[in-house]
Amino acid sequence: MDEDQLKAIDLAISRKSFFLTGAGGTGKSYVIRKIIEELDGHGKDTALTAMTGCAAILLGKNAKTLHSWAGIGLGKEVGSALLAKIKKSPRSKKNWLIVDTLIIDEVSMMSPELLDKLDYIARNIRKSDTLFGGIQLILVGDLYQLPPINREFRDGPQFVFESSTWKHLEDTITLRTIHRQSDAAFVKILQEARIGELSEESINILEKRKTSEWKKLEIKPTLIFSRRDDVEQINVSQLRKCEGPDVVFKARTIRQRGLVTENEQYAIDKMDKVGSYVPELTLRKGAQVMLLTNKYANEYGLVNGSRGIVEKFCEGPEPLPMVKFKNGQVIIVAFHAWNSEEVVGLQREQIPLQLAYAVTIHKAQGATLDCALIDIGKNTFENGQAYVALSRVKSLDSLYIWEFDPEAFTVHPKVREYHAGRL
């Protein structure tokens, strides 16, 4: 572990509340896992949460979305209304009372209003007027990446660091060593892209990645686009080019007890809407796919984000897909179960694959792809989007560019001011 990572762990053990940040690839998720190991060893109850379902899945099986763990639903109501809702839920109330440390990942996507509401809830439930009612708060994320999900008040505070609660954090740890990428030239490009200041040298290197060499690859790179409509259109059109009939897999429910109650049906609908799996997955022989689980990591070296091609469908009661992955492994991909955050004992089971011709930048945030074709041209409409897309791969060799516009690399002025110490 590097010096910055060790300092973050020391702060966690000393029960300090702090902000853990750093560029993509500096090992923030790795440090989170190490912090949890240390805190577990000290007998502390730690809640691992993230701002989105996709981010939570990348953190591992024990992670939940912040909204689910906190019991706040969408979190739109005022603090007092959310507090009343939580008090009516024994499970949510217990979460708040027993937790020692709350870790929130991808915090750049949190609104300042939400953080202040959560602080209000914690102080009232735990009957303590200290920060978060005495809960150790570890916020994790990169403010240069995608901005808050909910920005209804564009004229007022937009970023989480503008909240009243943020000012009470005791420290900030910035991870400075890039571990995801080892290519020095690419690391330099990413450092410049993150702050929206690409040099002429970096621009020239990226321009050279606008090549059609990717067309010669058997397993084509995943296209990363900013708009969901573009992604869906590409996936459907490319699937239709594959030979053979459609093979459809529908997600199915597994439960440990009787019939589905009203709450369970709500949980199922929510999982199908925000889960990483595809509720109805359509594949064909030759389809380009991406793995959505880490369960094959130890045996085959395949992780969430590994890409492959469907070679065939196996005969039997269920026509499971046999997939050849980019690392050369050929495996039969079986059904995988995802646990509900809403109802204990409820699961949804589905083939852990998705079409991988294209994904949105939002879906790709936090993931590491073994090969990508990215659109960082004039269609890039959000601060941080181009940088997030660029930093998904490990090297220049695995990066291909569809469209490129240096002006797509933008940083919000408030983020610049915050990092400059002026905000």
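**Notes on sheets and helix packing**

1. In this predicted model, an open sheet is built from 4 strands in the order β18-β7-β19-β20, and the pairing is parallel. The edges are held by β18 (358-360) and β20 (399-404), each of which pairs on one side only. On average, and with direction ignored, neighbouring strands of this sheet are turned by 25 degrees against each other.

2. Within this parallel sheet, β7 covers residues 222-225 and pairs with β18 in the parallel sense over 3 bridges. In this pairing, Leu223 stands opposite Ala358 in β18. Helix α10 (residues 228-240) packs on the sheet, where α10 touches β7 and β18. The direction of α10 makes about 165 degrees with that of β18; angles over 145 degrees count as roughly antiparallel.

3. A further open sheet contains 5 strands in the order β14-β13-β12-β11-β17, and here the pairing is antiparallel. Which strands stand at its edges? They are β14 (330-332) and β17 (353-355); each has a single partner strand, so one side of each is left without a neighbour in the sheet. From one strand to the next, the twist averages 40 degrees.

4. The pairing of β12 with β13 may be described in detail. Strand β12 comprises residues 307-313 and strand β13 residues 321-325, and the two pair in the antiparallel sense over 5 bridges. Lys312 stands opposite Met322 in β13.

5. The helix pairs come next. Two packed helices are described by the angle between their axes and the distance between the axes. For helix α1 (residues 3-13) and helix α2 (residues 28-41), the angle is about 35 degrees and the axes are 10 Å apart. The crossing of α1 and α2 is right-handed. On the α1 side, Gln5, Ala8, Ile9, Ala12 and Ile13 take part, and they meet Tyr30, Val31, Lys34, Ile35, Glu38 and Leu39 in α2. Sorted by class, the contact of α1 with α2 has 8 nonpolar, 1 polar and 2 charged residues.

6. Helix α5 (residues 79-87) packs against helix α7 (residues 112-125) at an angle of about 50 degrees, and their axes are 9 Å apart. How are α5 and α7 oriented to each other? At that angle, α5 and α7 are oblique to each other, since angles of 65 to 115 degrees count as roughly perpendicular and those under 35 degrees as roughly parallel. The crossing of α5 and α7 is right-handed. The contact draws on Gly79, Ser80, Leu82, Leu83 and Ile86 of α5, together with Lys117, Tyr120, Ile121, Asn124 and Ile125 of α7. By class, the contact of α5 with α7 has 6 nonpolar, 3 polar and 1 charged residues.

7. The axes of helix α8 (residues 184-194) and helix α9 (residues 200-207) come within 10 Å and cross at roughly 110 degrees. Helices α8 and α9 are therefore roughly perpendicular to each other, as angles of 65 to 115 degrees are counted in that class. The crossing of α8 and α9 is left-handed. Lys188, Ile189 and Glu192 of α8 make the contact with Glu201, Ser202, Ile205 and Leu206 of α9. By class, the contact of α8 with α9 has 3 nonpolar, 1 polar and 3 charged residues.

8. Finally, the model may be considered as a whole. The protein has 15 helices and 20 strands. Its radius of gyration is 22 Å, close to the 22 Å that the globule rule gives for 423 residues, so the protein is as compact as a globular protein of that length. Taken along the principal axes, the box filled by the C-alpha atoms of the protein is roughly 65 × 65 × 40 Å.

Definitions and conventions:
Residues are numbered from 1 along each chain as its sequence is written. This is a predicted model: local features need pLDDT of at least 70, side-chain atom pairs count only at pLDDT 80 or more; totals for chains, interfaces and linings use all residues. Side-chain values use heavy atoms; hydrogens and water are left out. Two strands pair if DSSP finds at least two bridges between them. Axes are lines fitted to C-alpha atoms, for helices over the stretch in contact, and angles run from 0 to 180 degrees between N-to-C directions. Contact means heavy atoms within 4.5 Å. A crossing is left-handed if the near helix is turned anticlockwise from the far one by less than a right angle, and right-handed if clockwise. Ala, Val, Leu, Ile, Met, Phe, Trp, Tyr, Cys and Pro count as nonpolar, Asp, Glu, Lys and Arg as charged, and the others, Gly among them, as polar. The radius of gyration is taken over C-alpha atoms; the globule rule is 2.2 Å times the number of residues to the power 0.38.
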